[in-house]
Structure formats: structure tokens, C-alpha cells
Amino acid sequence: READHRAWTPVSYTVTRQNATVQGLTEGKAYFFRIAAENIIGMGPFTETTKEIVIRDPITVPDRPEDLEVKAVTKNSVTLTWNPPKYNGGSDITMYVLESRLIGKEKFHKVTKEKMLDRKYTVEGLKEGDTYEYRVSACNIVGQGKPSFCTKPITCKDEIAPPSLDLDFRDKLIVRVGEAFSLTGRYSGKPTPKVTWLKDDIVVKEDDRTKIKTTPSTLCLGILKSVREDSGKYCVTVENSTGSRKGFCQVNVVDRPSPPVGPVIFDEVHKDHMVVSWKPPLDDGGSEITNYIIEKKDAHRDLWMPVTSATVKTTCKIPKLLEGRDYQIRIYAENLYGISDPLISDEMKAKDRFRVPDAPEQPIIKDVTKNSAVVVWNKPYDGGKPITNYIVEKKETMSTRWVRVTKDPIFPSTQFKVPDLLEGCQYEFRVSAENEIGIGDPSPPSKPIFARDPIAKPSPPVNPEAVDKTKNSVDLSWQPPRHDGNGKIIGYLVEYQKVGDEEWKKANLTADSCPETKYKVTGLTEGLTYKFRVKAVNAAGESEPAYVPDPIEVKDRLEPPELILDANMAREQHVKAGDTLRLSAVIKGVPFPKVSWKKEDHEVSPKADIEVTGVGSKLEIRNTVHEDGGIYSLTVENPAGSKTVSVKVVVLDKPGPPRNLQVSEVRSDSCYLTWMEPEDDGGSVITNYVVERKDVASAQWVAISSTSKKRSHMAKYLMEGTQYLFRVAAENQFGRGPYVETVKPIKAMDPLHPPGPPKNLHHVDVDKTEVSLVWNRPDRDGGAEITGYLVEYQEDGADEWTKFQTVPMLDCVVTGL
């Protein structure tokens, strides 16, 4: 039965098991149930449920919560959020349980103690550097459900993220005056960045019109009722400990321009038109001026008439005027954003105002020389028409006739250099101006001037110095002044002052007594110290003095000799034979040293010219020959010491003759020549040898080699039996030296050997004082015809053989035995 009904409704009549399923119930209603047992005798008593049962689906513990996320981490806290379970188990969630586990430990510990239904929790009081993982469970009336999946391990440390910046505005922004504008955007970063607004590098501060609003994630700069001064480059900086980001916006607050700048200038005024000009507005409203609007008005009427609105120039022609009427002009500037207030001119009468120019003021004459002068004047009033020319005239003071100085136009310059003046004459000048109407009156005459070069005092002499001194004099030297004042330097005044005195004494009384740039100051006292100065003098007077830098002590100067070698006194000097040898050096020393030249420690050749001057010495030998070479030394000596320098002089010439020419290995068609190099190579490497031969019967020498670098040569192609002479010369870059010749002719023939011994020597007759001998020819004749046989005899027992005679035949009678 339903709990709020009394009537019972049968569910089943035949249930044999100890359970039954009751169907057809209404969800959410409460019911009582009862059961009775029945047998064949009848039904027993009912047993009722003790309390009502509400019909609903079975209740379980909730599912696991979802999307457990870490939202923030600091060094001592962790903030987590999660979503509810997909299914709450059939009963509302009563609380959430958040648990944590320290990495390295096994057990999870409950973090939340109170009954927590929020799905966000910050775990605090953690230890920096520890690492945890977290899980969360949901509870309902039945109990605690499964925990969520664990978070990743989370280490307690301050989170850091560089700033990010996302702007809602572009690089440029144009705003009309009076409108509001705002610059907005979003930003992020950990730790939370600091937001700074700058305008043209200056920090923006809030005021009545300027508002700055910053939230943890958004930023905004707003300006109400903008004015032109709000234009500029705005910059927002978002910065934390990890870095910064910047955003820029060029804001241009635009407005109509300010009025053109006056006054209105009437450049030209005519009876029917005028030309006016003005200056652009000081402020163009932030946008280029697109045009000017010009209007005119008769001064006695109220109606303004348009002239033009299309000009961009700051000048305009005002046409269609009535002669004699007064007019006013007004001018507006216009840009894209509007039209300025007007600039209004003074009244101006329309009439021709032109006449010839006024007379210039009295001209001034400057830069006068002996034949020219520069005339300078101021521009006069032009009579309303531009001046086109100036006319400059001159006259001699005693004359009455003015003469134009040039036929060429003089304009726009207001000065002119007048040429062709006569030196010594006195002149006056005057100037007239000319415009298209005509020539105006001339100016008053200038002050008279004489045509001559101006003379000023000269500038001081340059670099005065003491160049020498003795025990009672000092030699001074200097250079002329840089400027002579256009007058000839008459001479110089030299003055000296004893150190400690105030008075300067004159070394020379008049300038013309010292016309040159040197002077010897005499009559000084030995051992005292003096200062010196020099003045230049021309017709205009004395220059400022130039001082010798340091005081000079008067005493004899002793300086050891010093040699400053010229380029021709290098360690080795080469000169070509026949050329001139020059050796020179600059010599210093006090007193001037004694100079001596030596060659190889002997006197130099008499042909040498030696010159000694007060500053140096020079040795010169003309038409040098090889023998002029050697080591030359220059010695300079004074009481303070001596100095010597040496230079090796090489006179470059042709080489000498080769030495020891020998002929060997003579054959019927060749022979071998050898020789030694010349004693003197002429100062230059021997490049080759020239070998020549000559038939004794001929007068002509024939070259057989001219390029050989060796000191030997095989002379080939000789004619057998002919007698030859040979000669050899050496060559270097300066030419061929003398020849060396063989002493005697060489006959071209194969070499000879002694013949063999005669054969079969025996006697054919013997007498008491003579023996007849015969023999046969030898086997070999030695390469030449046998010319005779030498017969010798020896007494038995003696050591020596005695020559008898040489016979041509194969027999001989030896007599005188």
C-alpha cells in the first residue's frame, strides 16, 4: 500500500520463493509491504515492513572527480581545482577529500579537514623544494568514492613566466580634438608584472582627463576630451623579474589648423590687382595644409568676395580691383579636419605706386689698392618696382666730370670693385638705382680716397733663434714675417736684455742697418745670460717683437764634430767607369772641425777635387776608372773630439783579361782550351766568356763561343796541319774586357809518340878504329815519319854512352874508336 493510503493492494498470489519483485511502482512514492504464508489449510498472519520505503534507483558511492589541475605553485603553497564526478552515485555530493603524498613516501595524507564542498583549494605551509602529488575523492550519503587520477609531481617553488602582451591597438591612431580614446590590452606573467605607461619617454600621470586602469590581466589608458598636446608616441611597458615587453602607438590628435601667420604683406600693388603673401600657420592641426581660402572685401562694404580656395602657396594675386578703392584681404588655412580662423589684412588702396628709385645713401669705400677700390652702398626704396640695376660713377676730385665705371649691369649686389684707377690719384664715387620706370637720383659723393696700396705694420718675425755664440757675441737668425703689411720690410731691430734687468737695449739703432734675417749682437759680457727679441719694420712702423725662446749664456761654444751623411755616403757606393764620383756630408761642430779625406789610409788621388765649406765637405772625381775604387774615409776633428766615416767605392767597369790561357789535348780537328777568371771582375759578376781563333796565315779572328759561362772550351772543327792562335775575353754587364792570347801557334795534328827501337842491329865490318853497322826499321814510327837514327857507342865497362851522330839511312860507319 502507498504510505498515505490505507488500502492494501495484492502484488502476487503464488510466490513460492522467499523473495519477490514488486513492479508497477511510482518513482519517488513511499510504500509499505506485507507478506503472509499460505498452505492448503489457509493463509497465515501478515508481516509488515517496519518503515516506509521510497522508490528510487539504487545509491552507490560517487565516481572519481575529474580534471584535477594545478592552478598556481609558490615556494610554500599549491592551488588545485577539479570538476565534479560524472555520476554522483545517486545521491548529492556531501564533501570532497583532498589527499597528498610526499614523493618518496608510500601513504597519502588527507589535506582538507573541514567538510569542503568548494572545488578549489590552496594547500599552504609547504616546505620549499619538496615535491608532492595530489588526488581528490568525492563523498555522498553512501560514503567516499574512488580518488581521482594523481597530479604530476609538483615541486614547491615560485612560478616564473616572462611577461606577455596582447594589445588591442595598432601602431598609429588618429583622434579628432575633443574625442576620447583609449589604449587597451591584456598581459600575463609570473610574478605579476608591473605596468608603466610613457608618452614621448615621460611617465603618464593620471589627472582629470587621463585615466589608467590595470587589473591582474588587463591594462587600459584612457584620455577624455583629447587636445592637440595629447599627440605623441605612447609606450606601455610590462615588466617583471624575468624580462619586459613593450607596445607602442603613435597617437595623432588632429584639429583644424591655427590661422595663417600675419601680417599680410602687399608685395605688389597696382590699380587693378595686388599680390599678397603670408606665412603658414604655426600649427597645422596635425595634418598637412591642403589649401588656403582667400577672400577680398571693399573696405566700405560688408560683403566678402571669394578670390580662390585652390592655392597651396603662401602667395596670391588678387585680381579685378577698382582703382582708388581700399581693400582688405582675409585668408583661411584648411586641412582634412577643418578650416582655421581667418587672418585679416590692413586696408590697402588699389593704385599704381611706382616711381624711379630713391637716391642711395652716401656710399662707403673700402679695400683701396693702387689701382682699385670697393664701393659699398645700401639698397634705397625701389619706388614700388623692383630695382634692376645700379650705376656706379667715379671722378677725380679736381675734375667736374662723372664717369661710369662699367657698362655691365650691377645687380643684385650692393657693392662693386672699381678697377683701372691711376695710382696716386684722388677719387670720389656715387651710386644711382634703376627700375623699369627709370634711373633715380645719384647718392651724395663718397669721401675722397687716394688710389694706393694700404700699408699696415708687419707681423712679427718668425722663429728667431740663437745659431752661434762666442764669449762676447751671439749670432741670431730668424725668418721674415708672414705678413709685410703691404709695405716693403725696411729691416729689423734687434734688442737684448740682461736677465734680471727691466730695460731692453738696442743692438742696432736703425732698421736699415739690419736688412737681412740675421744679426751678430756684439759687446756682451762673458758669463752673463741675456734675452733677445727682434722686430720687423716697414713704412707703417715696427711689428710686435718676436722673442728668442730661451735666455742665452754668453760663452765660447764647444761642440764635438757631427757628420750628417748624404745618400752618396752609404756603406757602399757604386759608380760606373767614366762617370763622376761624388761623396759629401754635412759637418757640424764648434769650432768648425778640420776635414781630411783618405783612401785606404793614404792620400786621395790628385785628380780628386775636395771642397770644404762652413757646413760640409765634398769629394769629386771625374771620369772615374777602375783604380779609383776602394775605401774612402772622411775624418772631422776639433778640440771636442773627432769622427770618421768610411764608404766603399766600387767603380763598375769591364773585366780584366782572363789568366793562364792553356791549350791541351791537341788533335787533328780539335783542342781543349782552359783559363782562369780575371783578377779584376770590374765590380760586376762576369756573365760570359768570348773565345776566338785565327789561322796564322789569316788576319781575321773568328768567334767560336760567346755565351760560355765556364772557364774552358773544346775548340772543334780544326783543319789538320793548320796552325792556329786562340784568344779569350771576359764580359760583364758593362762590356767586354781585353783578350788574352795563346803565346805560340798550335798545330792541328794528332799527338806524336817516340818511334820504336830499330830492329836487328849488327855489324858487317870491323877495323881497328871503325865499325860498319846496319839495322832494320822499327815496327812503329810513333805517328810521324822517321827523320833519322841516333847512333851512340860505349866503351866496355864505362857507364856513359857517347853520341856519335844522327844518320838518315839504315847504316852507319862509326869511326874514331
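Biologist: Over the ring of which residue does the charged end of Lys297 sit?

Modeller: This is a predicted model, and the answer follows from its side-chain positions. A charge counts as sitting over a ring if NZ of Lys is within 6 Å of the ring centre and within 35 degrees of the ring normal. The charged end of Lys297 is 5.5 Å from the centre of the ring it sits over, and that ring belongs to Trp304.

Biologist: Why is the pair of Trp377 and Tyr390 edge-to-face?

Modeller: A pair of aromatic rings is described by the distance of the centres and the angle of the planes. Ring centres must lie within 6.5 Å, and planes over 60 degrees apart count as edge-to-face. The centres of Trp377 and Tyr390 are 5.3 Å apart, and the pair is edge-to-face because the planes stand at 65°.

Biologist: Where in the chain do Trp377 and Tyr390 lie, and how many residues apart are they?

Modeller: Trp377 belongs to the loop between strand 31 (373-376) and strand 32 (389-396), whereas Tyr390 is in strand 32 itself. Both Trp377 and Tyr390 are buried. The pair links distant parts of the chain, with a separation of 13 residues.

Biologist: Which residue forms one aromatic cluster with Trp377 and Tyr390?

Modeller: The whole structure holds 15 aromatic pairs. Trp377 and Tyr390 form one cluster together with a further aromatic residue, Phe411.

Biologist: What is the angle between the planes of Tyr496 and Tyr530?

Modeller: Tyr496 is in strand 40 (residues 491-498) and Tyr530 in strand 43 (residues 529-538), 34 residues apart. Their rings form an aromatic pair with a centre-to-centre distance of 5.9 Å. The pair is edge-to-face, and the angle between the planes is 75°.

Biologist: Which strand supplies the largest share of the lining of the largest pocket?

Modeller: The largest pocket has about 1100 Å³ of space. Of its 34 lining residues, the closest to its centre are Val11, Ser12, Arg34, Ile35 and Ala36. Strand 2 (34-38) and strand 3 (43-48) each contribute at least two residues to the lining. The largest share, 5 residues, comes from strand 2.

Biologist: Which residue does a cis peptide bond join to Gly262?

Modeller: Most residues other than glycine have a negative phi, and most peptide bonds are trans. The bond from Lys190 to Pro191 is cis, with omega near -10°, and Pro191 lies in the loop between strand 14 (181-190) and strand 15 (194-199). Another cis bond, with omega of about 0°, joins Gly262 to Pro263.

Biologist: Is Asp201, with its positive phi, buried or exposed?

Modeller: Phi of Asp201 is near 70°, although the residue is not glycine. Asp201 is found in the loop between strand 15 and strand 16 (202-203). Residues over 50% relative accessible area count as exposed. The relative accessible area of Asp201 is 72%, so Asp201 is exposed.

Biologist: How far apart are the C-alpha atoms of Ala539 and Lys457?

Modeller: Ala539 lies in the loop between strand 43 and strand 44 (541-542). With 65% relative accessibility, Ala539 counts as exposed. Ala539 and Lys457 are 82 residues apart along the chain, and their C-alpha atoms are separated by 7.8 Å.

Definitions and conventions:
Residues are numbered from 1 along each chain as its sequence is written. This is a predicted model: local features need pLDDT of at least 70, side-chain atom pairs count only at pLDDT 80 or more; totals for chains, interfaces and linings use all residues. Side-chain values use heavy atoms; hydrogens and water are left out. Rings of Phe, Tyr and Trp (its six-membered ring) pair if their centres lie within 6.5 Å; planes under 30 degrees apart count as stacked, over 60 as edge-to-face and the rest as tilted. Helices (H or I, at least four residues) and strands (E, at least two) are DSSP runs, numbered from the N terminus. Buried means under 20% relative accessible area, exposed over 50%, partly exposed in between (1.4 Å probe, protein chains only). On a 1 Å grid over the protein atoms alone, a cavity is a set of points where a 1.4 Å probe fits but cannot get out, and a pocket is an open set with protein on both sides within 12 Å along at least five of seven lines; lining residues have an atom within 4 Å of a point. Grid points are joined across faces, edges and corners, and a volume is the space filled by probe spheres set on the points.
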